[in-house]
Amino acid sequence: MTFTWDDLEHIRGHEWTLPIPPTCARCGYILTGLPDNSCPECGTTFRWGEVRKRSARIWSTINQLRHANRDAKAGLILGLICWAAVAALNLPRLIRLTPLASGKGDLGVMVDKTVAVIEKIALGVDVVALFASLFVILLGSQILNIRKVPPCFREHIPEPRPDVGLGIGTVSCGLLLLVAAVVLPLI
Ligand SMILES: [Zn+2]
């Protein structure tokens with residue numbers, strides 16, 4: 001007697017080791033202990049190998065969400081620090097647009113020199129902020145992975161539950177920082 005790959009998967013399907021039950025990818029029906037490969041709820045046929053892979057992926061996402069709030073908070077703090085640095089170093093450049101920096105008299109020359117030094121530092125900070133913004137977006141977007149966990153399994157996500165508002169806030173902070181880091185050097 002020989003087994004096909006799917007037969008073997010079917011047998012393994014009864015030795016389910018994941019902490020969440022196998023579910024139908026279409027309707028979410030729990031497939032534990034079913035004799036054949038079709039969902040009794042919606043009729044979709046399935047392969048145990050795929051059901052297992054999908055459940056493993058969901059379980060892995062649930063575990064990754066454990067530190068999502070902490071990561072997003074760290075991302076938000078990093079984003080705000082970069083924002084403060086970018087703003088502090090770029091705002092003086094606007095002095096160039098005022099009569100103070102027109103080069104008239106000693107004060108004008110001094111202002112010009114100071115602004116020129118600040119501009120060099122600001123360019124370096126903009127480059128750092130550009131990379132930091134991508135990292136901030138990455139840290140914030142982890143929380144949004146909660147979308148990949150079907151609602152019926154969200155109770156398995158450990159406390160504290162991912163704060164979607166915090167995730168959106170961190171991603172927005174990162175996106176605005178990205179825009180600022182790209183646009184400010186061009187002004
Ligand atoms: Zn189904």
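Residues are numbered from 1 along each chain as its sequence is written. Because the model is predicted, local features need pLDDT of at least 70 and side-chain atom pairs count only at pLDDT 80 or more, while totals for chains, interfaces and linings use all residues.

Along the sequence the pattern is α-α-α-α-α. Of the 187 residues in the chain, 23% are buried. A residue is termed buried if 20 or more other C-beta atoms lie within 10 Å of its own, exposed if 12 or fewer, and partly exposed in between, with C-beta atoms placed from the backbone. Two residues are in contact if their C-beta atoms, placed from the backbone, lie within 7 Å. Among contacts between residues at least 6 apart in sequence, 68% join residues at least 24 apart.

A nonpolar core is a set of buried Ala, Val, Leu, Ile, Met, Phe, Trp, Tyr and Cys residues joined through C-beta atoms within 7 Å. The largest such core has 19 residues, and those with the most contacts inside it are Val86, Ala129 and Leu177. Two or more residues are given to this core by each of α3 (68-90), α4 (105-141) and α5 (164-183). Another core, of six residues, lies apart from it and includes Cys24, Leu31, Cys39 and Val51. When residues up to four places away in sequence are not counted, Leu177 touches Gly79, Cys82, Trp83, Ala129, Ala132, Ser133 and Val136.

Helix α4 has 37 residues, which at 1.5 Å a residue should span 54 Å; this agrees with the 52 Å between its end C-alpha atoms. The expected span is 1.5 Å times one less than the number of residues in the helix. The buried residues of α4 pack against α3 and α5; among them are Asp126, Ala129, Ser133 and Gly140.

Two packed helices are described by the angle between their axes and the distance between the axes. Axes are lines fitted to C-alpha atoms, for helices over the stretch in contact, and angles run from 0 to 180 degrees between N-to-C directions. The angle between α3 and α4 is about 160°, and their axes are 9 Å apart. The two helices α3 and α4 are therefore roughly antiparallel (an angle over 145 degrees). Residues making the contact include Leu78, Cys82 and Val86 of α3, together with Val125, Ala129 and Val136 of α4.

The loop between α4 and α5 holds Pro150, Pro160 and Arg161. Pro150 counts as partly exposed because it has 13 C-beta neighbours inside 10 Å. Not counting residues up to four places away in sequence, Pro150 touches Gly28 and Ile58. The C-alpha atoms of Pro150 and Ala25 are separated by 9.8 Å, although these residues are 125 residues apart along the chain. The peptide bond from Glu159 to Pro160 is cis, with omega near -10°. Arg161 has 14 C-beta neighbours inside 10 Å and therefore counts as partly exposed. Between the C-alpha atoms of Arg161 and Ala68, 93 residues apart along the chain, the separation is 8.8 Å.

Technical notes
Helices (H or I, at least four residues) and strands (E, at least two) are DSSP runs, numbered from the N terminus. Angles under 35 degrees count as roughly parallel, over 145 as roughly antiparallel, 65 to 115 as roughly perpendicular and the rest as oblique.
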